[in-house]
Each structure stands twice: as structure tokens, then as C-alpha cells.
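Q: Please take a close look at a single part of this structure. A connected account for a reader new to it would be welcome.

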Amino acid sequence: MKMIKISAMCAAIVLMLTSAVYVSRQNSTNSKALNSDSSEGFAVLELFTSEGCSSCPPAEELLERVQKEAGDKPVYILAYHVDYWNRLGWKDIFSKPDFSKRQYWYHNKFTSQVYTPQLIVNGSQEFVGSDEGAIRNSLSTVLNQKASTALNLKALQKPQGINIHYQLAGQPTQGQLVVALVQKHAVNKVRAGENEGRTLSHAQLVRELHAFSLGPQGQGDETIALPKEFDSQNWELIGFIQNPDTGEILAAAKASVSSPSAIL
């Protein structure tokens, strides 16, 4: 009889310890949503959105919150405003056909529906842009993966445009250099469509998107046009290396755009 009581007590203690370990592991997993064990991991979050879509503002707000939480971690957010919503009552002034084309290009990779808000992570995962659980789980994974290649970017404002110097470090890679000129913040009043009457706040708006072939030894210089609205304080450059066949993003970096006087 004593042996039965002792066995029961031991079993209870083991169960308590097992439960404690499980809870500890669960808390550890949840806390790693925006943490990285290695500085080599990165996340490129590409959101396809529109001012004409009533489901899109929550996704944009979520990604803005994620960006603030990320701080200095290598999390790069790009919001592309597609133009196919424009015929449904409201013309989004930030939309461009090229952004819709990029989403359809991804559509051919994932064979998924074309919809907003859609989020692509590192060119290899897609899900609804307002799905916070999926975003945080994905970030936890990609930020803790080691990247075999690193990208360094420098951007200099010149009269003819923005000069971009890039250099790859690490294992040789094949792909394209994709460069997005990003407006960090904007506000616009929507006067028609599904968001009629709302004043929408936008973060990380892609205003220009360019792709270049990689130069010899994974380095080179490129120049892009300077938009009239450009403001070096509120705009930045985000670049990444992407495999054009698979869509996978292999490295990413960002740079502020320096004026010539800033480097004298």
C-alpha cells in the first residue's frame, strides 16, 4: 500500500515537472516572435494592399505595429498599393500597375488567389496580411535562420537621380537586385469606395520598384530616377536579392539616401 502511494506521488511530481517544462517551452516559443538568435536572419514582408479595400487597413496597422516592435532587427516591410481596386469606386493615388504585376508574378509561383491584403514573406510564404498569428510564427522562423549571403547597400542623392552601390558578401548567388524606394509614412482621406469617409494612415509605401542584374563579383552601381515628392527624411531604400525563378529572397538590406553634402 505504501508503494502505491509513493508511486502515485512520484507520478504527480513528474507530471508537474513535465507541465512546467512544456509551459516554459511554449512561453519561449511565443517570446521569439520578433527575436533572433543570429544577426544573419532577416524578414522581407511584402504586403499587397489598396485604399479601396475595407479589409486592408487592419493589415497595414498590424505591419506598422510589427515594425515598431522589431526595432533594429532586420525586418523590412514593403506595402504595394495595387491598381485593380481603382475601378471599384476609389482611385488609390499610391497605386501602380507594376505593383499589381508583381502580385500576379507571385501568383504564378504560389498558384494562390490574387487578393488583398496578401502578405509574402521572403518570397517563399504567403497568407492573409491581417493574420497576426501567421505573421509572428513566420517571423520567428525566418529571423532564426542563417542566411548564406549578406547584402550591403549605400545610396547617394545626385542631380541625375539616386546612385546605389551594392555589394554581396558570403556564398556566391544568382539572382536579381530588387530595389524599392519607400515612403515611410503618409496619410490620405478616402472619399469613395469601401473606405469612404476614412482617413487612412500608411506605412512603408513602395513608390518606385526596380530590378537589376547582378554585376561581376556580386557588386556594382545603379541609378534610379528621383521622384518629385522625394524627401530624404521620410524616404528610404530597401533592396534585396531575389531568385527570379523561385521567388525566394536570399538577402536584404536598407539604406537612407544621403545628400552629397552629407559625405563631405
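**A network of charged side chains**

A: Glu-132 is partly exposed, because its relative accessibility is 32%; this class lies between buried (under 20% relative accessible area) and exposed (over 50%), with a 1.4 Å probe and protein chains only. The model is predicted, so local features need pLDDT of at least 70 and side-chain atom pairs pLDDT 80 or more, while totals for chains, interfaces and linings use all residues. Residues are numbered from 1 along each chain as its sequence is written, and side-chain values use heavy atoms, without hydrogens and water.

The partner of Glu-132 is Arg-65, with 3.6 Å from N to O in their salt bridge, a term for a side-chain nitrogen of Lys or Arg within 4 Å of a carboxyl oxygen of Asp or Glu. Arg-65 belongs to helix H2 (residues 56-70) and Glu-132 to helix H4 (residues 132-142), so the pair ties together parts 67 residues apart in sequence. Helices here are DSSP runs (H or I, at least four residues), numbered from the N terminus. Arg-65 is partly exposed as well, at 38% relative accessibility.

A salt bridge also joins Arg-136 and Glu-69, whose closest N and O atoms are 2.9 Å apart. Arg-136 lies in helix H4 and Glu-69 in helix H2, so this pair too links parts 67 residues apart in sequence. Arg-136 counts as buried at 18% relative accessibility, whereas Glu-69, at 38%, is partly exposed. Through shared partners, salt bridges join Arg-65, Glu-69, Glu-132 and Arg-136 into one network. The whole structure holds 6 salt bridges.

Terms used
Helices (H or I, at least four residues) and strands (E, at least two) are DSSP runs, numbered from the N terminus.
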